[in-house]
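Here are my notes on the model you sent. They take the charge pairs, the ligand site and one surface patch in turn.

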Amino acid sequence: MKLYIDSADFEELSNLKNSPFVDGVTTNPLLIAKGMKKSEVGDGEYFEYLQKIRKLSPGELFIQLASSERDSAVYEIAKIRELIRWPVVIKVPATPDGFYAIAKLSKEGIASAATAVFSPGQACLGLAAGAKYIIPYYSRIEQMEQGKGLDVINEIMRITSPDRLLVASIKTEQDFCILLKEGVKNFTVPYSLFCEMGKNSNTEMAVANFAENLKVNWSRRRK
Ligand code: E4P
């Protein structure tokens, strides 16, 4: 299983240092705007922000293209390659222009992901274009197609190898467990859900009880 954290928040990412089992970080323009606390930024400060995210992120960092036009996308990709430490996966929305960009990235040997996938057709084109990952938005599909989220994920799973499927837009522990049972191997979850899943008041009570009942006076401590 691979676990990614969906975040562009410095404080959240700093806390990931204590989680060596996190495989990487996924971002998107909404998360970056939230992290930067503004919706319009110069490219200099944008790349500086990405560099800071890179410093704080373990493993693979997924950066979604902020450019919607081909010329600016070419510039953005060149700057990401120049300024951001690898491994990076370029996330590209699964649109006609997006598949074109994915095919170009693939020809240049740059890892990419087809993101914001809502249908098996988009997954097919993402794979054909050479995306390393296909990223469907589970709970958004679930909301829009009234409970059909799992059917769509299952259809996508039939055409995508498990290693190339990364399911996003997971809102609850229940979503996570349902997807895991269906055979999904790669997940990205918001930091809040990651923390929530790691906590249980019964475990905390049990730990307190263990500590109350056995106190070891250690003769040596690791420095
Ligand atoms: C994934 O890479 C996306 O950043 C994210 O999960 C989008 O979904 P959401 O906005 O519904 O959480």
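1. A residue is called buried under 20% relative accessible area, exposed over 50%, and partly exposed in between. Asp 97, at 44% relative accessibility, therefore counts as partly exposed. Arg 70 also has 44% relative accessibility and is partly exposed. Please keep in mind that this is a predicted model.

2. Asp 97 and Arg 70 are joined through their side chains in a salt bridge, with an N to O distance of 3.2 Å. This pair links distant parts of the chain: Asp 97 belongs to helix 5 (residues 96-107) and Arg 70 to helix 4 (residues 70-83), 27 residues apart. Side chains of opposite charge can pair when their charged atoms come close.

3. The structure holds five salt bridges in total. One of them is formed by Lys 79 and Glu 82, whose closest N and O atoms are 3.5 Å apart. Lys 79 and Glu 82 are separated by about one helical turn, because they are three residues apart in helix 4. Glu 82 is exposed, at 56% relative accessibility.

4. Another salt bridge brings together the side chains of Glu 108 and Arg 81, at 4.0 Å from N to O. Here too the pair links distant parts of the chain, 27 residues apart: Glu 108 sits in the loop between helix 5 and strand 5 (112-117), and Arg 81 in helix 4. Glu 108 is partly exposed, with a relative accessible area of 46%. Arg 81 counts as partly exposed as well, at 46% relative accessibility.

5. Which residues surround the ligand? They are Asp 6, Thr 26, Asn 28, Lys 91, Tyr 137, Arg 140, Ala 168, Ser 169 and Lys 171. By class, this shell divides into four charged, three polar and two nonpolar residues.

6. For Asp 6, a polar side-chain atom is 2.9 Å from an oxygen atom of the ligand. For Lys 91 the corresponding distance to a ligand oxygen atom is 2.7 Å, and an N or O atom in the side chain of Arg 140 is 2.7 Å from an oxygen atom of the ligand. On its own the ligand has 340 Å² of accessible area, of which the protein covers 90%.

7. Leu 214, Val 216 and Trp 218 make a nonpolar surface patch of about 370 Å². Val 216 lies in the segment after helix 11 (201-213). Its relative accessible area is 40%, so Val 216 is partly exposed.

Definitions and conventions. Residues are numbered from 1 along each chain as its sequence is written. This is a predicted model: local features need pLDDT of at least 70, side-chain atom pairs count only at pLDDT 80 or more; totals for chains, interfaces and linings use all residues. Side-chain values use heavy atoms; hydrogens and water are left out. Patches are made of residues with over 30% relative accessible area and no salt bridge: like charges are joined within 9 Å, nonpolar side chains (Val, Leu, Ile, Met, Phe, Trp, Tyr) within 5 Å. Accessible areas come from the Shrake-Rupley method with a 1.4 Å probe; for residues, only the protein chains shown count as cover. Helices (H or I, at least four residues) and strands (E, at least two) are DSSP runs, numbered from the N terminus. Buried means under 20% relative accessible area, exposed over 50%, partly exposed in between (1.4 Å probe, protein chains only). A residue is near a molecule or strand if one of its heavy atoms lies within 4 Å of it. A polar contact is a pair of N or O atoms within 3.5 Å; within protein, one must be able to donate a hydrogen and the other to accept it, and residues adjacent in sequence count only if both atoms are side-chain atoms. Ala, Val, Leu, Ile, Met, Phe, Trp, Tyr, Cys and Pro count as nonpolar, Asp, Glu, Lys and Arg as charged, and the others, Gly among them, as polar.
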